Amino acid sequence: MQYEKRTRSWFMVIFGLPFFAVGFYFLIATAHSIYDVIRMASWPQTQGTLTSANARSSSSADSTTYYVAAQYRYRVEGVEYTGSRVAIHGGSDNVGEFQRRLGSELELMYLNQEPVTVYYNATDPADAVLNREIRWEMIGFKSIFIIVFGGVGLGMMIFGYRGKRTIVSPETTGKPWLSRPEWADN
């Protein structure tokens, strides 16, 4: 009597899980950014006033990271709101020139007391943003993590779960090479 047996590697499944989780996190973050771009495309705009704007940078031995911060006021249907969301992708980074360019523009507008265009959610005017551009370089950067970490993690999990195939039969007990299907038939 001959039958096939699979030996799963739960260690490989568990080891691959954190890698997959990192890739999945970046997938969700990227999907959220794309969702924001889509929903913000139809947002109405109004004029606002910058109450502060600054571009910060932090240098290390091999790169400089930029961060843009701004506070602004704007009116929608006679009600004044304040906002601080500058762009769809928040936080600091050194991917492309976006942060440095936007920071310089906002600082110059603040110093010259120029009005800014504020895009706001018509159903919730307190939800607003100054720049609603999609940053393709940031999407590409996050895609690397999705593919590398998520792909490697998923591959390890699948490989570990599928396990190793062995053939169990009376004739394989004395000849262990016959228990591996890929070795048994030359």
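The model is predicted, and its protein chain holds 4 helices and 7 strands, which from the N terminus on are arranged as β-α-β-β-β-α-β-β-α-β-α. Of the 186 residues, 32% count as buried, while the chain exposes about 11,800 Å², 59% of which is supplied by carbon and sulfur atoms. Among contacts with a separation of 6 or more, 69% are accounted for by residues 24 or more positions apart.

Five of the strands make up an open sheet in the order β4-β3-β2-β5-β6, with antiparallel pairing. The edges are taken by β4 (79–83) and β6 (128–129), and because each has a single partner strand, one side of each is left without a neighbour in the sheet. Within this sheet, β2 (residues 45–59) and β5 (residues 115–120) run antiparallel and are joined by 5 bridges; Thr49, for instance, has Pro115 in β5 as its bridge partner. Helix α2 (residues 98–111) lies across β2, β3 (64–76) and β5, and runs at about 125 degrees to β2.

On the surface, Phe141, Ile144, Ile147, Val148 and Val152 form a nonpolar patch, with about 450 Å² of accessible area together. Val148, one of these residues, is found in helix α3 (residues 136–162). Its relative accessible area is 43%, so Val148 counts as partly exposed, and patch membership calls for over 30%.

Technical notes:
Residues are numbered from 1 along each chain as its sequence is written. This is a predicted model: local features need pLDDT of at least 70, side-chain atom pairs count only at pLDDT 80 or more; totals for chains, interfaces and linings use all residues. Side-chain values use heavy atoms; hydrogens and water are left out. Patches are made of residues with over 30% relative accessible area and no salt bridge: like charges are joined within 9 Å, nonpolar side chains (Val, Leu, Ile, Met, Phe, Trp, Tyr) within 5 Å. Accessible areas come from the Shrake-Rupley method with a 1.4 Å probe; for residues, only the protein chains shown count as cover. A salt bridge is a side-chain nitrogen of Lys or Arg within 4 Å of a carboxyl oxygen of Asp or Glu. Helices (H or I, at least four residues) and strands (E, at least two) are DSSP runs, numbered from the N terminus. Buried means under 20% relative accessible area, exposed over 50%, partly exposed in between (1.4 Å probe, protein chains only). Contact means heavy atoms within 4.5 Å. Two strands pair if DSSP finds at least two bridges between them. Axes are lines fitted to C-alpha atoms, for helices over the stretch in contact, and angles run from 0 to 180 degrees between N-to-C directions.
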